[in-house]
Structures are given as C-alpha cells and as structure tokens.
Amino acid sequence: MLWNRVRGCVRIQVRGRSLERFVNALTERGLRLYGVERMDDGSLTAWMDASSYRSLRPLLRELHLRSTVLERQGLPFALRPWRGRWMLALGGIFCVAALFFLSQRVWEIRVEGNVSIPTDRVIAIVSKQVAIGMPMDKVDLDALRMLIERSDPRVAWAGAQRNGTRLTVHIVEGDLEKMAEDQGHPTNIVATKDAMIDELTVYRGYAPVREGQQVKEGDVLISGAIPANVEMGERYVTASGEVWGRLFYEAGALVARESSVYTRTGKSEDVLTIKLGRQVVEMSGRFAHFEVEDVERAGIDSLYLPLDWIRETHYETAPKVTALDDEQMCEAAEEKSREEAIALVPKDAEILSQRTNTAMTEEGLRAVTVIETRERIGASVHFDPPAVAENAAGETAPSSTP
C-alpha cells in the first residue's frame with residue numbers, strides 16, 4: 001500500500017448493477033483493488049494504481065458502470081503542478097545544496113571563559129590557523145588548543161568545539177603567581193602501563209600524544225614543559241589532566257581429558273568454633289580437604305560478654321581421576337581462564353568486553369580469556385628544568401682550578 005501511494009494511486013467510486021462482475025473481471029485481468037468498501041447507496045469504493053485506471057474504460061462501458069475519482073495520492077500527483085517549471089525546481093535544488101555546502105564551514109568564532117585576556121586577542125591567535133569560510137572539518141582542534149596555550153602565559157587551559165557553523169573557543173585563565181611558582185616544581189604526567197589512549201583531557205601542560213595512540217609505560221602523556229613559540233619562550237608548569245587508556249588482560253587455562261576432581265568420601269565430622277569478643281577459638285578438624293555444609297549459629301548478645309559459637313559439618317573430599325567429555329572440559333577450562341583473567345584486572349577498572357577462545361590440543365583443552373578494560377593510566381612525576389639541572393650539576397662538579 002505504501003509503495004503504491006508513492007507510485008501514485010486513486011480512490012474511485014463505481015456505480016451500477018454489475019459490481020460483482022466488475023470485481024471478478026478485474027481479478028481475471030490482473031488488476032488489483034485494495035481498500036474495497038460497499039457504500040450504503042449501493043456503490044463501491046476502492047483504491048487502485050493510477051497507471052491502471054485508464055484501462056477500466058472498456059470494462060466500464062461493457063458492464064454499463066460509471067466511475068468517479070474521489071481522491072488522488074502519490075508522487076506523480078504531487079509533481080504535477082511543477083510541470084513546465086523545471087527552472088524553479090532546479091533553483092530549489094540549488095538552494096538546498098548551497099545551504100548544505102555553507103553549513104559545513106566556519107562563519108563565526110566565539111570566545112568563552114576569558115576574563116583578563118581580550119576577546120580580540122584570542123580571535124587574533126585563532127585566526128592564525130582558522131579563517132572565516134574554511135571547511136569546519138579542516139579545523140585541527142588539538143593544534144588550535146596548543147597554539148592558544150602557547151601564545152599567552154595567562155592561559156592555563158584552552159579548548160575548541162564545533163557547533164554547526166560556529167567555532168567556540170573555551171579559555172581557562174590561570175594564576176600567574178602560582179604559575180611562576182610552578183616554574184621551579186614542574187611535573188609530567190607519564191603512562192603507568194602500556195595502553196592505547198582512549199580519552200585525553202589536558203588542564204595544564206602540553207600533550208605530545210593523541211587519543212587513539214599506543215603508548216608504553218613511562219611515556220610522557222602530558223608534559224610540564226610547554227614548547228617556545230614566536231611570542232614567548234619555553235615554560236615549565238605542573239602538568240594536570242586526565243588520561244584514560246584501553247588495556248587488554250589475558251589468561252589461559254588447560255584442562256586434561258582425565259582430570260583430578262575432588263569428590264566426597266562419605267566421611268563427615270562436626271567442627272565447633274567459639275567467639276568470645278574478639279577472640280576466636282576454632283576446634284580443628286581432621287580432614288585436609290573438605291566441603292562445609294549445615295552451618296548452625298548461636299550465641300549470647302551481651303554488652304559485657306558477647307559469646308557466639310558456630311557448628312559446621314565438614315564432609316571429607318579426596319581427589320579422584322575422572323574422564324571428562326568435551327562439554328565438561330570446555331566449561332571447566334573457560335571458567336578457570338575467566339577467573340584468572342579477572343584476577344589480573346584492577347578493582348577500579350571498567351570492563352568493556354571479554355571473550356574466551358578454546359582449542360583442543362594433545363595435552364587437553366586450552367581456553368584463553370581476553371578482557372578489555374578502560375582505566376586511568378597517568379601518574380605525576382617531578383622533573384627538573386634544564387636551568388635547575390645545570391645549576392645542580394655545577395654545584396656538585398669538582399673544581400678544575402688548583
């Protein structure tokens with residue numbers, strides 16, 4: 001029905017005495033009616049393809065029927081008013097294309113967050129890389145951010161964001177006195193693990209790496225040494241920011257066809273544990289390997305003498321060599337490898353995905369679990385600026401004069 005409306009369809013009303021013969025004749029000729037309704041006045045209404053309507057005339061004359069078009073729908077009827085007006089249609093298409101083309105370019109630069117730094121000053125810096133009318137996707141946001149941070153010592157952090165045809169520059173001004181103090185105590189943020197950078201946010205400093213880049217442990221992620229430019233020399237600050245990385249943890253497990261499984265021997269014993277305040281007295285059982293069931297707890301809840309006793313039933317277990325089928329081997333290997341892989345993941349890490357692959361070997365079935373995580377990978381490390389390092393070397397170097 002929907003496709004027919006796109007191609008063009010009409011709703012017709014047919015009057016006469018041979019309506020049943022009319023419907024049967026259409027079916028024989030392969031012409032389809034849909035939405036057929038019988039009206040109170042005895043007429044018939046239905047929808048049909050606009051291209052098929054003209055072929056009804058001979059049949060209507062033969063059956064002495066009359067038809068009327070009640071409604072027209074579809075693309076052909078919507079385009080009918082535009083016949084002979086192709087230049088107007090082409091003009092509309094050209095306007096839409098022009099609007100789309102212009103909407104992909106920079107037409108406005110807005111500065112936010114600046115207090116003491118004049119807006120004209122920031123726009124002049126941005127204009128070195130961004131021109132009005134240039135394609136928005138050609139704007140390198142990272143390079144623009146670094147340019148702004150290097151061009152004015154009052155900028156502690158800068159960022160840029162695309163908003164339609166507007167380029168918004170965000171400025172965070174720093175305390176010049178605090179930044180001067182940082183000159184003697186600069187730090188870098190370095191990678192604590194081998195990872196791929198997933199998210200990098202610089203609050204202060206210079207980032208020599210980018211998102212999506214693979215880094216190794218010890219690589220500098222955010223440097224406290226901001227490179228010199230035409231307007232000012234090299235600066236040293238306390239680097240700050242957030243760096244998230246993606247890491248992979250892998251662990252494997254092997255399960256043999258004949259594996260040693262601990263099963264119950266049928267022997268059991270009751271073991272009593274007494275807790276008096278913070279003191280715990282446990283009556284050791286005689287089984288080296290056991291399973292615990294049927295735990296009973298009782299006690300006296302007293303302020304002066306809190307007393308609890310716990311009775312446990314220990315069921316002795318002993319190793320037994322059991323032949324496993326393929327399904328049991330797969331379940332055991334996957335569970336063991338998954339537990340070992342999860343044990344490698346830090347508690348504060350976010351697990352993104354995990355997958356387990358299995359393969360049959362001569363020794364048994366081997367399962368390997370790989371877990372992908374997202375976690376912080378940056379740590380601050382102090383470094384001495386070149387001037388400080390040279391002074392320290394001069395003080396400790398032995399004198400060459402007698």
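I started with Asn188, which counts as buried because its relative accessibility is 13%. Buried here means under 20% relative accessible area, exposed means over 50%, and partly exposed lies in between, with a 1.4 Å probe and protein chains only.

I noted what I am looking at: a predicted model, where local features need pLDDT of at least 70, side-chain atom pairs count only at pLDDT 80 or more, and totals for chains, interfaces and linings use all residues. Residues are numbered from 1 along each chain as its sequence is written, and side-chain values use heavy atoms, with hydrogens and water left out.

**Around Asn188**

I placed Asn188 in strand E8, residues 187-191. Strands (E, at least two residues) and helices (H or I, at least four) are DSSP runs, numbered from the N terminus.

I then asked: which backbone nitrogen does the side chain of Asn188 reach? It is that of Gly224, at 2.7 Å.

Next I listed what Asn188 touches, leaving out residues up to four places away in sequence. Among them are Val220, Ile222, Ser223, Gly224 and Ala225. Ala379, Ser380, Val381 and Phe383 are also included. A contact means heavy atoms within 4.5 Å.

**Largest pocket**

I looked up the largest pocket and found a volume of about 340 Å³. A pocket is an open set of points on a 1 Å grid over the protein atoms alone, with protein on both sides within 12 Å along at least five of seven lines; a 1.4 Å probe is used, and lining residues have an atom within 4 Å of a point. The volume is the space filled by probe spheres set on the points.

The lining has 18 residues, with Leu141, Asp142, Arg145, Leu200 and Glu211 nearest the centre. Helix H8 (141-151), strand E6 (155-163) and strand E9 (195-204) each give two or more residues to it. E6 supplies the largest share, five residues. By class I read 10 nonpolar, four polar and four charged residues.

**Second largest pocket**

I found about 260 Å³ of space here. Its lining has 11 residues, and Val10, Ala50, Arg54, Phe77 and Arg80 lie nearest the centre. Helix H3 (50-53), strand E4 (66-73) and helix H5 (75-79) each contribute two or more. How many of the lining residues are charged? Five are, beside six nonpolar and no polar ones.

**Whole protein**

The protein has 11 helices and 21 strands. Of its 402 residues, 32% are buried.

Terms used. A polar contact is a pair of N or O atoms within 3.5 Å; within protein, one must be able to donate a hydrogen and the other to accept it, and residues adjacent in sequence count only if both atoms are side-chain atoms. Ala, Val, Leu, Ile, Met, Phe, Trp, Tyr, Cys and Pro count as nonpolar, Asp, Glu, Lys and Arg as charged, and the others, Gly among them, as polar.
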